[in-house]
Each structure stands twice: as structure tokens, then as C-alpha cells.
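Biologist: I'm new to this one and would like to learn how to read it. Could you put it on the screen and take me through it?

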Amino acid sequence: MASITMRFLAEPSTVNFGGKVHGGTVMKWIDEAGYACATHWAKRYCVTVFIGSVRFHRPIMIGDLVEVEAHLAYTGNSSMNISVEVRSGDLKSGELHKTTECLIVFVAVDADGKSMPVDAYSPSTPGEMALAARAKAHLDASRAAGARAAASEAHARGAASAAITSAIDASSISAVALDTAAVAASGRDEHHVVPEAAHLRADPDVAERDREPGVGRKP
Ligand SMILES: CC(C)(COP(=O)(O)OP(=O)(O)OC[C@H]1O[C@@H](n2cnc3c(N)ncnc32)[C@H](O)[C@@H]1OP(=O)(O)O)[C@@H](O)C(=O)NCCC(=O)NCCS
């Protein structure tokens, strides 16, 4: 079975602050339908590895009949790429409208949580083939966007660290420039005085001894 459909009523306990069904509850239903579809296909425990391309088209009202359909779009080695559509409507009218759609990927795992191969699924009807192509295009685009975001974050981190390094270099250069300027102002040989100047800053007795006679010396 490559698809499953769950049907139930939207209970009052699922209400959000606007009086309709909470978006997080809809995501939970999507995950449950995807899980049932994947586990039934793989015939072993499966975990969610990715959820994307979620679109909330319209709200679901409390008391509505809800239908959540999960359809296997294509399989990889261990992954099952599933398209989920949520429909809902008033029981009295009997009409259901698409409210949410989403792509969700499950991976079959063993008892240690290690991914395991699954049977390949071959879409056979034109509708199934179109669904597989659409799901693949969405998931490829989403993974490419994720890879681009990761690369640009790494680039930004590299640029920030280069900026910090050059700021540190610049401040070292300024410190040397200040020392050199101080030496030039005192008229002493910079090669000898720069290290000495640093030493003097650290040793007040030497600073006192080296001071020019009469200048700031205690009588
Ligand atoms: C699922 C899990 C076992 C996979 O680990 P892994 O085998 O090292 O991961 P891999 O990179 O080899 O990917 C495994 C499959 O997931 C697919 N996958 C991984 N990231 C994906 C993504 N962002 N989008 C779509 N598919 C993805 C890979 O393409 C691969 O598919 P394939 O075997 O058909 O080629 C591991 O990621 C995990 O435990 N995740 C946490 C699951 C979880 O806690 N879910 C929530 C509660 S159920």
C-alpha cells in the first residue's frame, strides 16, 4: 500500500487562539499519517528526517471532518519521500477542501536507530509519476537552498574571523606606531629605546632613575 488516509473530527481540544485548529496540531496529523504510510511500506520502524514545503491554504474549523492523505512519492535507499494533503469541511455540507499540503521524508531504522534499506517504489500511473517528479523537484530545491545557506554561513564566519584577525593586526600596528612616535618625540634611537621604553613602563624605579636631572625629580 503506497498511501493511507486518516479521517476524524477536529476536536475542541485542538483549538488555537483564533478559535480554529492549531497549526501545530495539523503538523502532528501530517507526521502521523506520514509515519503510518512509511512504516507500512518499510515494514519496520521509521523516523522523520525532513519536513518541508508546508503550505497552509485555509483554516480548519473545530468540528470539521478532517481527512489526511499520505502518499508515497518516491523511495531512495533508506528514505521514503511522502506527499501529504489535508482536507476538511463541514459534515453538514459534506464538501471537503484542501487546507494544507506538505512533503515529509521518513527513514527506516533498525533497533539501534541505524538507517536500513527499503523496497523500491515505482510510480505507475501518470498521476503518481507527476507526484514523484514534483516531490523530487521540491526536495532537491530545498536541499540545495539548505546547502547554499550552510555555505554562506561558513563564508560569513570565515569573513568575520578574517576581520577580527585584521583588526588585531591593525591594533598591533597602531601600538608599534605609537611606540615609534613616542621614541621619535624623545629623540632617542628607536632600536634601543622601544624595548627599554616597554620595560620602563613596567619598572617605576628605573623610570625614576632615567628621568632627566631636575625634571620631575624630588629634591
Ligand atoms: C534518520 C537518521 C537515522 C539518518 O541517519 P544517517 O543514515 O546517518 O543519515 P544519511 O545522511 O545517510 O541519510 C539517510 C537518508 O535520509 C535522507 N536525508 C537526509 N537528510 C535529508 C533531507 N534534509 N531531506 C531529505 N532526505 C534526507 C538521505 O538522502 C538518505 O536517504 P537514502 O538512504 O534514501 O539515500 C538520523 O538522521 C536520525 O536519527 N535522525 C533523527 C530522527 C528523529 O529523531 N526524528 C524525529 C522523531 S521521529
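Modeller: Let's start at the ligand: the residues of the shell around it divide into seven nonpolar, seven polar and one charged. Here Ala, Val, Leu, Ile, Met, Phe, Trp, Tyr, Cys and Pro count as nonpolar, Asp, Glu, Lys and Arg as charged, and the others, Gly among them, as polar. Keep in mind that this is a predicted model, where local features need pLDDT of at least 70 and side-chain atom pairs count only at pLDDT 80 or more, while totals for chains, interfaces and linings use all residues. Residues are numbered from 1 along each chain as its sequence is written.

Biologist: Which residues surround the ligand, and which are the closest?

Modeller: A residue is near a molecule if its C-beta atom, placed from the backbone, lies within 6 Å of it. In this case 15 residues surround the ligand, with Phe50, Gly76, Ser78, Ser79 and Ser115 the closest. β2 (46–56), β5 (97–108) and α2 (126–186) each give two or more residues to that shell, and the largest share, four residues, comes from β2.

Biologist: How many helices and strands does the chain have?

Modeller: Helices (H or I, at least four residues) and strands (E, at least two) are DSSP runs, numbered from the N terminus. This chain has four helices and five strands, and along the sequence they follow the pattern β-α-β-β-β-β-α-α-α.

Biologist: What about the nonpolar core?

Modeller: In soluble globular proteins, nonpolar side chains tend to be buried together. A residue is buried if 20 or more other C-beta atoms lie within 10 Å of its own, exposed if 12 or fewer, and partly exposed in between, with C-beta atoms placed from the backbone. A nonpolar core is a set of buried Ala, Val, Leu, Ile, Met, Phe, Trp, Tyr and Cys residues joined through C-beta atoms within 7 Å. Here the largest one has 34 residues, and Ile30, Ile82 and Val84 have the most contacts inside it. α1 (23–42) gives the most to this core, with eight residues.

Biologist: Which residues does Ile82 contact, leaving aside neighbours within four places in sequence?

Modeller: Contact means that two C-beta atoms, placed from the backbone, lie within 7 Å. For Ile82 the partners include Gly34, Cys37, Leu72 and Phe106.

Biologist: Is Lys43 buried or exposed?

Modeller: Lys43 counts as exposed because it has 10 C-beta neighbours inside 10 Å. Lys43 sits in the loop between α1 and β2, and has a positive phi of about 60 degrees although it is not a glycine.
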